[in-house]
Amino acid sequence: MKQQVLVMYLNTSGLDSEVLAWSFYDGTGKSDPTTGDSDLPPYDSGVEALRDGWRLFQASQLIPPYPGHEYDTSFLKHEFWFEKLE
């Protein structure tokens, strides 16, 4: 068995929220995805990925912004990691 990993950055901390960005890594060697190779996300939400058999194995911590820095640009904080074993 080999692992496929899907990282999705959602609009909010809810798994049912809209996908804003994503990355896909295929350890099976069946595909060689790269950044920007699709305009459409593989799923509309994290829940759709779960329904398709992806297993959620990590979600980012919800860390409130430091006072006065609420509008600073930084990392995408609603990151979810999924895996499938093929």
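I started with Trp-54, which is buried at a relative accessible area of 6%. For this entry, buried means under 20% relative accessible area, exposed over 50%, and partly exposed in between, with a 1.4 Å probe and protein chains only. A note on ground rules: this is a predicted model, where local features need pLDDT of at least 70, side-chain atom pairs count only at pLDDT 80 or more, and totals for chains, interfaces and linings use all residues. Residues are numbered from 1 along each chain as its sequence is written, and side-chain values use heavy atoms, with hydrogens and water left out.

**Aromatic pairs**

Next I searched the whole structure for aromatic pairs and got two. Rings of Phe, Tyr and Trp (its six-membered ring) pair if their centres lie within 6.5 Å; planes under 30 degrees apart are stacked, over 60 edge-to-face, and the rest tilted. Which ring does Trp-54 pair with? Phe-24 is the partner, edge-to-face, at 6.0 Å centre to centre and 80° between the planes. Phe-24 sits in strand E2 (residues 19-26) and Trp-54 in the loop between helix H1 (46-51) and strand E3 (55-59), so the pair ties together parts 30 residues apart in sequence. I also checked the cover on Phe-24: the residue is partly exposed, at 25%.

**The sheet**

Along the sequence I read β-β-α-β-β. The four strands make an open sheet in the order E2-E1-E4-E3, paired antiparallel; two strands pair if DSSP finds at least two bridges between them. E2 and E3 are the edge strands with a single partner each, so one side of each has no neighbour in the sheet. I then looked at E1 (residues 3-10) and E2, which run antiparallel and are joined by seven bridges. Within that pairing, Met-8 has Trp-22 in E2 as its bridge partner.

**Whole-chain numbers**

The C-alpha trace spans about 45 × 25 × 20 Å along its principal axes. Of the 86 residues, 27% count as buried.

Conventions
Helices (H or I, at least four residues) and strands (E, at least two) are DSSP runs, numbered from the N terminus.
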